[in-house]
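Subject: Handover of a structure and findings

Dear colleague,

Please find the structure below, together with its sequence.

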Amino acid sequence: VPEEVTWDHPENRLIMGSGPLAGTPVWGTGSLNVVTRGAMTNGAVMTNAQGFFGSNLKYSGYDAIVLQGQAKKWVYVYINDDVVELRDASHLLGKDTWEMQDTLQAEYGLSGHQMSVYGIGPAGENIVRFAIIEGDYGHVASKNGVGAVLGKKHVKCVAIVRGSRAVRVHDTAGLLQAADVIAHELKQTPTYEYGTLGGPLRNNRSGALSVKNLTTNIYPVPERLDDLEPAQLRQKFLHRGHQCSGCGMRGHCHILVLPEGRQEGALVDEAESEGIAMCGPQIGSVDTADVMWLNTQVDKAGVDVNEWGWLCGWVMEGYEKGYITKEQLGGLEMKWGDVEAANQLLQMMSRRE
């Protein structure tokens, strides 16, 4: 890439590709890989999301999409087998990533995994430097501001209808045998039962868990530390599997129903270990329902939960120490553990209010 082609230059390519085994029964092969020059470092990035994008792309007969240039008005890419078009996205502007998928699925009369929609929330539209590309309700390509690159191109999302082309392999029996071996190995790992839920508790035991923006490593309410135990955490919520294409990791990727509080009954995505850490102890929050809810708001707004956690924790620490005032925050009181205030800050930042 020529040196003058920076991350925000129209000629910067953004590539959204699948892997060679996408659309087959091998676990973990429905991936979306995003490659570009990223907004945070202006350097090369490859970031990965799971879900159904990769397999839907393959079923349409394509390996990758290359976006280059800049649309004169907001568009989205529509793919349905041989139909590949840029369509008007004006009615999608301002919508979060879940609303975006809801809107397009309703528009085309599709549901479930019949259409994958991967794109940006308000943060990407407003070129927040750590904006993400999100799709299939909780699957995120998060690193180095790839969502800001998509926003610079005035592309809201890529919507792929599940294609009609079957994926054919040279040695079907050999592929299935290899898939069985991979599945057997993965079933022996801790993530098979509970995904990445155990990460924060393990980090706490080693003293590596960030609490209140690294000002301490002592859990905010020590007697509630057991709430992070994976089995206990999972049992707190009504949940169902939300596994990716071709994947049998039953303990990974769940949709939860919040059981109590102001958001009672809301559907949220079960947070990965980073989301639990960043929307929990990093900002002084210990209520796991609040943590799951805030993590989902971060995904919907379209920002990297890790970068968001560091920013929010920094603001809360600055507020506690008097370096940042309520007036500077537009009337917000950013006290440790206040997820409502954290969400208000998230919305202000994402929508440039």
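Two strands are said to pair if DSSP finds at least two bridges between them. Helices (H or I, at least four residues) and strands (E, at least two) are DSSP runs, numbered from the N terminus. This is a predicted model, in which local features need pLDDT of at least 70 and side-chain atom pairs count only at pLDDT 80 or more, while totals for chains, interfaces and linings use all residues. Residues are numbered from 1 along each chain as its sequence is written, and side-chain values use heavy atoms, with hydrogens and water left out.

**The six-stranded sheet**

Six strands form an open sheet in the order β6-β5-β10-β7-β8-β9, and their pairing is mixed. At its edges are β6 (83-88) and β9 (139-141), each of which pairs on one side only. From one strand to the next, the twist averages 20 degrees; here axes are lines fitted to C-alpha atoms, for helices over the stretch in contact, and angles run from 0 to 180 degrees between N-to-C directions.

Helix α2 (residues 97-108) packs on this sheet and touches β5, β6, β7 (115-119), β8 (133-135) and β10 (155-161), where contact means heavy atoms within 4.5 Å. The direction of α2 makes about 145 degrees with that of β7.

Which strands pair with β10, and in what sense? Strand β5 pairs with β10 in the parallel sense over four bridges, whereas β7 and β10 are antiparallel and share five bridges. Met115 has Val161 in β10 as its bridge partner, and Tyr78 stands opposite Ala159 in β10.

Val77 has Leu86 in β6 as its bridge partner.

**Aromatic pairs**

A pair of aromatic rings is described by the distance of the centres and the angle of the planes. Rings of Phe, Tyr and Trp (its six-membered ring) pair if their centres lie within 6.5 Å; planes under 30 degrees apart count as stacked, over 60 as edge-to-face and the rest as tilted.

How many aromatic pairs does a search of the whole structure find? The search finds four. One of them joins Trp27 and Tyr192, whose ring centres are 6.3 Å apart with planes at 10 degrees, so this pair is stacked. Trp27 lies in the loop between β1 (14-17) and β2 (32-37) and Tyr192 in helix α6 (residues 191-194), so the pair ties together parts that are 165 residues apart in sequence. Both Trp27 and Tyr192 are buried.

Trp98 and Tyr137 form an edge-to-face pair, 5.4 Å centre to centre and with 85 degrees between the planes. Because Trp98 lies in helix α2 and Tyr137 in the loop between β8 and β9, the pair ties together parts that are 39 residues apart in sequence. Trp98 counts as buried at 11% relative accessibility, and Tyr137 is buried with a relative accessible area of 18%.

Yours sincerely

Note on methods: Buried < 20%, exposed > 50% of the residue type's maximum accessible area, 1.4 Å probe, protein only.
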